[in-house]
Amino acid sequence: MRLTILAASLAAALTGLAPGAAHAQQASDQELAELKAQLATLMNRIDELEARDDAQSAVNIDTAESLKAMQTTQPKVETKGGLKVTSADGAFSFGLGGRLHFDGYAFDRDLASTTGTTEFRRGRLTLSGTAYGWEYKMEQDFAAGSNLDGLRDLYIARTLGPGKLTIGHFKPYRSMEELTSSNEILMMERPYASATGLFSGRQFQQGVGYLMGGANWSAGATAFNLRGASGARNEGMGFSGRATWAPLMQGDRVLHLGGWYSHENKNQGSANLAATANYAGRRGPSLSIASSNGASGEQVDAYGLEFAGMFGPLFFQSEYANASFGQPLGPDQDVETFYVQGSLMLNGGRKVYKPGNGVFGSPKVAGAGLWELTARFDQIENKDLIGREASSWILGMNYYVNPNLRFIFNYTQGDNELTGDETGQYALRTQFNF
């Protein structure tokens, strides 16, 4: 339409000027006829261009409508950091991820017999997604064994009221460090106030949990049996609860407070409940701290307090836990453990605080990567048995190459009060997750 208006204006101008020009220059009728012929040719060309433009517009509209129809009928596929497929209506999704932790150990021997080695600490594949408003997750750790031995998270969950309901096989809500992902823990191994010590062998339990969270708080409760996926079926029952609060959350300054309680009650004929300490790192020597006899139906009660924070590049985290291990004869045995750990980011980057479940995660990595100095002191003691005490110092370095790859170095100096053993360990991990 704009081209037609332009052509009409041009025609009017030429027509109006032609008589004046002919009078001034005494142009012949033949010259005027030639000008009119050229004008007619130009008008025809403009008409052709307008017709072509209208046809192309129609094609563009049809193409846009086709693309829109494809977007609303075809699934969405994402490959950033893993693989995720979501249905066009968003009602269903499927994701594939995993983690590979490859470790190497060398020891400074003292009294205990030790052997340096390498191993796959974790080799997991994770399937997760949503269906009809329910979340699901299935995770198998091939480094821990086949079939049920390597089963980790296996649950369904959905939002219910102000929180999330989870049913299946997962970690009870207790201990800040225990609930931190193995991809994001500060050191290669967790401290004693976790399933690495106090809840030895009792990391994932079968049961039901409910977790609520807000901008700076979280609260969760779990009811579970004491049977892991591959454990005996005469396991007993337990429950736990944990609450956290961050009174300070201002940019790169965070202060975290938390507390938890755990009750485990064995059935007669069940396996024992134990606390152990690998005081010189994984695959190093261990010390049995306490045990509660399952055959007599004893119970273990524990509580913990959490204190953690981040101030710019500085990070610290500490927990104190106390547990009472029931005995068939005599009084209960009290076990006390605490740790203090921290880090310093050397070239930028900050830890990420997750208030919805009250834990700290790894820093966001960009550019040339991030370097982090780490340190921890960890101690566990049976107050009722002489010498049942272990402690360790750990110094380390983390190098975050990118969001998926991290290298971890730890030197651990362990101390066994019962035997006097002071074994040391050098450990290196290559960690890749997607």
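Trainee: Which residue does Asp 103 form a salt bridge with?
Mentor: Asp 103 pairs with Arg 429, and their closest N and O atoms are 2.7 Å apart. Keep in mind that this is a predicted model.

Trainee: Where do those two lie, in terms of strands?
Mentor: Asp 103 is in strand β3 (residues 92-108) and Arg 429 is in strand β22 (residues 424-433), so the bridge ties together parts that are 326 residues apart in sequence.

Trainee: And are Asp 103 and Arg 429 buried or exposed?
Mentor: Buried, both of them.

Trainee: OK, next one. What does Arg 124 bridge to?
Mentor: To Glu 139, with 3.3 Å between the closest N and O atoms. Arg 124 sits in strand β4 (residues 117-131) and Glu 139 in strand β5 (residues 134-141), so to speak two distant parts of the chain, 15 residues apart.

Trainee: Why does Arg 124 count as buried?
Mentor: Because its relative accessibility is 9%, and buried means under 20%. Glu 139 is buried too, with a relative accessible area of 1%.

Trainee: What about Glu 264, who's its partner in a salt bridge?
Mentor: That's Arg 202, with the closest N and O atoms 2.7 Å apart. Glu 264 belongs to strand β11 (residues 253-265), while Arg 202 is in the loop between α3 (176-179) and β8 (205-213). The two are 62 residues apart, and the pair links distant parts of the chain.

Trainee: How accessible are Glu 264 and Arg 202?
Mentor: Glu 264 has a relative accessible area of 0%, so it is buried. Arg 202 comes in at 6% relative accessibility and counts as buried as well.

Trainee: Which residues do salt bridges with shared partners join into one network?
Mentor: Arg 99, Arg 124, Glu 139, Asp 141 and Arg 152.

Trainee: How many salt bridges does a search of the whole structure find?
Mentor: 21.

Trainee: Changing topic: where is Gln 333 placed?
Mentor: In strand β16 (residues 333-345). Gln 333 has 13% relative accessibility, so it counts as buried.

Trainee: Which side chain does Gln 333 have a polar contact with?
Mentor: The side chain of Asn 382, at 2.9 Å.

Trainee: And what else is Gln 333 in contact with, leaving aside neighbours within four places in sequence?
Mentor: Besides Asn 382, the list has Ala 290, Ala 323, Ser 324, Phe 325, Gln 327, Asp 384 and Leu 385.

Technical notes:
Residues numbered from 1 in each chain as written. Predicted model: local features only at pLDDT ≥ 70, side-chain atom pairs only at ≥ 80, totals over all residues. Heavy atoms only, no water. Salt bridge = Lys/Arg side-chain N within 4 Å of Asp/Glu carboxyl O. Helix = DSSP H or I, 4+ residues; strand = E, 2+ residues; numbered from the N terminus. Buried < 20%, exposed > 50% of the residue type's maximum accessible area, 1.4 Å probe, protein only. Polar contact = N/O pair within 3.5 Å; in protein donor to acceptor, adjacent residues only side chain to side chain. Contact = heavy atoms within 4.5 Å.
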